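This report covers a ligand site and several secondary structure elements. The sequence and structure come first.

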Amino acid sequence: MELMKNIWQAAKADRKKIVLPEGDEERNLVASEKIKKEGLAEVVLVGSLEIIKEKAKNLGVNLDGIEIIDPETSPKTDEYAEAFYELRKNKGMTKDKALKIVKDPLYYGTMMVKMDDAHGMVSGAVHTTGDLLRPGLQIIKTAPGVSVVSSFFIMMVPDCQYGEEGMLVFSDCAVNPNPTAEQLASIAIATAETAKSLCKIDPKVAMLSFSTMGSADHELVEKVRNATEIAKEQRPDLAIDGEMQLDAAIVGKVAKQKAPNSEVAGKANVLIFPDLQSGNIGYKLVQRFAKAEAIGPICQGFAKPINDLSRGCSSDDIVSVVALTAVQAQAIK
Ligand code: ACO
């Protein structure tokens with residue numbers, strides 16, 4: 001696939017350090033060997049040295065040259081605990097609790113990124129999305145000017161004329177259960193930027209609803225309408241329009257009828273869902289019925305990149321997400 005080829009090339013050109021906190025997970029070990037062999041990133045595995053080495057031996061995986069850090073014995077653990085305590089003391093954190101928490105590999109890995117000891121983190125082969133997001137939200141927080149962390153999927157739909165010849169970016173399908181209008185506007189803007197920087201497309205952003213340009217009135221529609229106004233006001237340079245139904249967003253003929261004056265309708269390549277229920281169901285419908293490849297969920301809006309994996313992921317999926325994370329890290333100044 002052309003997109004992933006480009007991402008691999010970009011990752012190789014400026015190698016970043018990416019931490020895998022689920023270091024003793026076998027798929028991460030297999031992925032680490034491949035990432036090293038391909039030169040996509042410098043991987044750091046977090047976990048028990050003994051267990052990781054034993055598992056690698058059993059799998060026949062060569063971890064030569066791959067750093068392994070055990071938070072129980074790492075000389076950095078105290079420093080991370082102190083920094084974590086400082087970050088969270090106004091939320092009731094104590095020094096004792098902080099030391100215990102940063103020994104959890106997910107928190108340790110997140111602190112590595114926070115303290116500039118790694119450029120990004122990838123986790124989720126074992127843990128849930130929430131397990132990964134919580135330390136990220138508490139420690140890394142949002143990038144300057146971004147109000148909310150969200151996620152996107154790059155959908156590659158075979159034999160499809162919609163979007164960019166079947167490539168569309170969907171958001172938010174994995175993080176925010178019920179964003180406010182302001183948050184939805186922020187998600188739309190972040191996704192447009194992602195579409196530009198990562199997918200190299202000219203974003204045309206549709207704010208999805210069950211109504212097109214006022215065809216229905218309801219508080220749910222009102223939220224999307226307000227979000228569209230906010231996003232347009234904040235970023236008049238971006239092509240963002242709504243509210244609109246899915247068919248008006250992607251089908252030219254329907255757009256001509258329902259939204260003839262819209263520069264986005266009929267041509268949308270970025271779809272913003274009004275909430276997590278519609279977003280999560282929406283991407284899975286396209287994935288299953290249209291046999292689309294769904295790359296993600298990739299997080300956006302963090303001050304530094306941390307990304308989630310599906311628990312059903314393969315080692316090749318991990319390699320791809322590490323490459324994507326490395327490319328996101330290259331954009332951090
Ligand atoms: N952006 C920025 N900050 C946020 C966000 C966000 N989207 N959400 C929460 N926060 C902040 C909070 O303000 C809080 O900050 P503070 O502690 O410094 O005050 C901190 O993050 C933690 O917030 P909590 O309220 O404790 O976290 P919460 O319990 O709301 O969990 C989470 C946040 C994990 C993102 C939750 O909303 C969640 O579980 N979302 C759904 C994830 C999911 O299950 N997705 C579907 C599966 S994925 C798939 O199918 C591919």
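Which polar backbone atom lies 2.9 Å from a nitrogen atom of the ligand? In this predicted model, that backbone atom belongs to Val-175. A nitrogen atom of the ligand also lies 2.7 Å from an N or O atom in the side chain of Asn-176. On the oxygen side, a polar side-chain atom of Asn-280 is 3.0 Å from an oxygen atom of the ligand. The protein buries 62% of the 990 Å² that the ligand exposes when taken alone.

## The shell around the ligand

## Strands 7 and 8

Strand 8 (residues 239-244) is largely enclosed by the rest of the structure, because six of its six residues are buried. Strand 7 (residues 204-208) runs parallel to strand 8, and five bridges join the two. In one of the pairings, Leu-208 has Met-244 of strand 8 as its bridge partner.

## Helix 10

Helix 10 (residues 246-250) includes Ile-250. Is Ile-250 buried or exposed? The relative accessible area of Ile-250 is 14%, which is under the 20% limit, so Ile-250 counts as buried. Along the chain, Ile-250 and Leu-132 are 118 residues apart, and their C-alpha atoms are separated by 33 Å.

## Helix 6 and its ends

Eight of the ten residues of helix 6 (residues 105-114) are buried, so this helix is largely enclosed by the rest of the structure. The buried residues are Leu-106, Tyr-107, Tyr-108, Gly-109, Thr-110, Met-111, Met-112 and Val-113.

What caps the N-terminal end of helix 6? Asp-104 does, with a side-chain oxygen 2.8 Å from the backbone nitrogen of Leu-106. Leu-106 is also among the buried residues of the helix. After helix 6 comes Asp-116, which has a positive phi near 65°.

Note on methods
Residues are numbered from 1 along each chain as its sequence is written. This is a predicted model: local features need pLDDT of at least 70, side-chain atom pairs count only at pLDDT 80 or more; totals for chains, interfaces and linings use all residues. Side-chain values use heavy atoms; hydrogens and water are left out. A polar contact is a pair of N or O atoms within 3.5 Å; within protein, one must be able to donate a hydrogen and the other to accept it, and residues adjacent in sequence count only if both atoms are side-chain atoms. Accessible areas come from the Shrake-Rupley method with a 1.4 Å probe; for residues, only the protein chains shown count as cover. Buried means under 20% relative accessible area, exposed over 50%, partly exposed in between (1.4 Å probe, protein chains only). Helices (H or I, at least four residues) and strands (E, at least two) are DSSP runs, numbered from the N terminus. Two strands pair if DSSP finds at least two bridges between them.
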